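Have the model open while you read.

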Amino acid sequence: MKLLRLFLYLRRPQRIGFIEKMTEVPQLDLNNIPKHIAVIMDGNGRWAKERGQDRVYGHHEGVVSVRELVKACAELKVGYLTLYAFSTENWNRPQHEVNALMELLVNTIRREIDELNSNNVVLSIIGDINSLPENCIKEMREAEALTAKNSGLHLIMALSYSSRWEIIEATKKIASQVKAGQIAVTDIDEKLFEQNLSTAHIPHPELMIRTSGEHRISNFLLYQLAYAELYFTNVHWPDFRKEHLAEAIINYQQRERRFGKTSEQIQTNSTDHAGIS
Ligand code: FPP
């Protein structure tokens, strides 16, 4: 019982006061920052409802959190940040909410382009881009082109994205290559499969954060999250600030990432035995 209490104490969420600069948080190990962080930005609707407002108000406030997160990740030299901004399933929301989200995306990208450039951020979009409204596609493509030469944080926005869609698309591409005689069935391995995902050339996320208390992955990067550390917080997305990012990273840094090996192997840096746990 005492041991359990000690374990829970050690695993308790870190509470961090107001942060000026991410790099000055003493509990953060700057040598162990995840290279790729993926985020399910959940809770905009509930946050707005709690304030007697329309759900769309929550999405607008969610942009403030996105801005802060991008800046904080750039400061910490996180390599990649993937944001689940609109899922394939989100098309089923009331039309006025879908329209408002599309408008918000277009306006935000247009407004933030200079800020992205001044923070040296490269923007990429993943998902079924062609299903987006014409003006949205145009704006996203322009923004990708305008930031392509930057060399800092790679910001990936998942738009009209779902993992099952992505996996099926990859399967179709591979099947066509086999049919055309470009590859043999025996050539199909993890490397080839990953090259056909929309995240080809992007390392898998090491940390996945979901806000607002739900403990689900919701069709997000199912393949890529295989070994990610999952972090759930009750904070609604519009309230998410750099202090919460710091808490998530500190929690990540306290975990032992075993990749199927034993704890002893990890501690002695052994590479002699691979498996799955
Ligand atoms: C989930 O909250 C959030 C979304 C479906 C949209 C996320 C969009 C933003 C944060 C704003 C735009 C982002 C960018 C990058 C410009 P929810 O509506 O499902 O909340 P609920 O679970 O409380 O209903």
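This is a predicted model: local features need pLDDT of at least 70, side-chain atom pairs count only at pLDDT 80 or more; totals for chains, interfaces and linings use all residues.

Residues are numbered from 1 along each chain as its sequence is written.

Two packed helices are described by the angle between their axes and the distance between the axes. Axes are lines fitted to C-alpha atoms, for helices over the stretch in contact, and angles run from 0 to 180 degrees between N-to-C directions. Helices here are DSSP runs (H or I, at least four residues), and strands are too (E, at least two), numbered from the N terminus. H4 (residues 95-118) and H5 (residues 134-147) pack at about 15 degrees, with axes 10 Å apart. They are therefore roughly parallel to each other (angles under 35 degrees). On the H4 side, the contact includes Met 102 and Ile 109, while H5 brings Met 140 and Ala 143, among others; contact means C-beta atoms, placed from the backbone, within 7 Å.

Now for the ligand: 20 residues surround it, and the closest include Asn 44 and Thr 108. Being near means a C-beta atom, placed from the backbone, within 6 Å. H3 gives the largest share of this shell, five residues.

How do the two groups divide? Ala, Val, Leu, Ile, Met, Phe, Trp, Tyr, Cys and Pro count as nonpolar, Asp, Glu, Lys and Arg as charged, and the others, Gly among them, as polar.

| Contact of H4 with H5 | 10 residues | three residues | two residues |

Terms used
Angles under 35 degrees count as roughly parallel, over 145 as roughly antiparallel, 65 to 115 as roughly perpendicular and the rest as oblique. Two residues are in contact if their C-beta atoms, placed from the backbone, lie within 7 Å.
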